[in-house]
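Me: Could you go through this model with me, starting with a charged side chain and then moving on to the helix around it and the aromatic rings?

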Amino acid sequence: MKKVELVEAVATATGLTKTDSAKAIDATFEAITKALVKGDRVPLVGFGTFAVSKRAAREGRNPRTGETVKIAARKAVTFKAGTALKDSVN
């Protein structure tokens, strides 16, 4: 599902205009992003939890040359699906 399709689905379900639906979706994504930047978890009951995990520095290999490459430490966004979401998919 693309963002345009999501906006249409929200507009249909709520009776809002597509413009208002797009603003609501953008605001939701922005709020989740700001919380993750601060290091907070974002649990959405019945849907899942967004969180930030730390990845340690490590060594990898260049598949083309076989040369060892250092991979820097970084943060990664993770998502763990909630029980209700898992059940609805299965």
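Me: Is lysine 34 buried or exposed?

Reply: Lysine 34 counts as exposed, at 53% relative accessibility, where exposed means over 50% relative accessible area, buried under 20% and partly exposed in between, with a 1.4 Å probe and protein chains only. This is a predicted model, in which local features need pLDDT of at least 70 and side-chain atom pairs count only at pLDDT 80 or more, while totals for chains, interfaces and linings use all residues. Residues are numbered from 1 along each chain as its sequence is written, and side-chain values use heavy atoms, with hydrogens and water left out.

Me: Which side chain does lysine 34 meet in a salt bridge?

Reply: That of glutamate 30, at 3.2 Å from N to O; a salt bridge here is a side-chain nitrogen of Lys or Arg within 4 Å of a carboxyl oxygen of Asp or Glu. Both residues lie in helix H2, 4 residues apart, about one turn of the helix, and glutamate 30 is partly exposed with a relative accessible area of 47%.

Me: How many residues does H2 have?

Reply: H2 covers residues 18–38, which is 21 residues, and reaches 30 Å from its first C-alpha to its last, close to the 30 Å expected at 1.5 Å a residue, that expectation being 1.5 Å times one less than the number of residues. Helices (H or I, at least four residues) and strands (E, at least two) are DSSP runs, numbered from the N terminus.

Me: And which residues of H2 are buried?

Reply: Ser21, Ile25, Ile32, Ala35 and Leu36 are buried in H2. They sit on the same side of H2 because they cover an arc of only 105 degrees around the axis, taken from the directions from the helix axis to the C-beta atoms. The buried residues pack against helix H1 (3–14) and strands S1 (42–44), S2 (48–55) and S5 (74–81), with contact meaning heavy atoms within 4.5 Å.

Me: Switching to the rings, which residues form the aromatic cluster?

Reply: Phe47, Phe50 and Phe79 form one cluster, where rings of Phe, Tyr and Trp (its six-membered ring) pair if their centres lie within 6.5 Å, and planes under 30 degrees apart count as stacked, over 60 as edge-to-face and the rest as tilted. Phenylalanine 50 and phenylalanine 79 make a tilted pair, 4.8 Å centre to centre with 50 degrees between the planes. Phenylalanine 50 lies in strand S2 and phenylalanine 79 in strand S5, so this pair ties together parts 29 residues apart in sequence.
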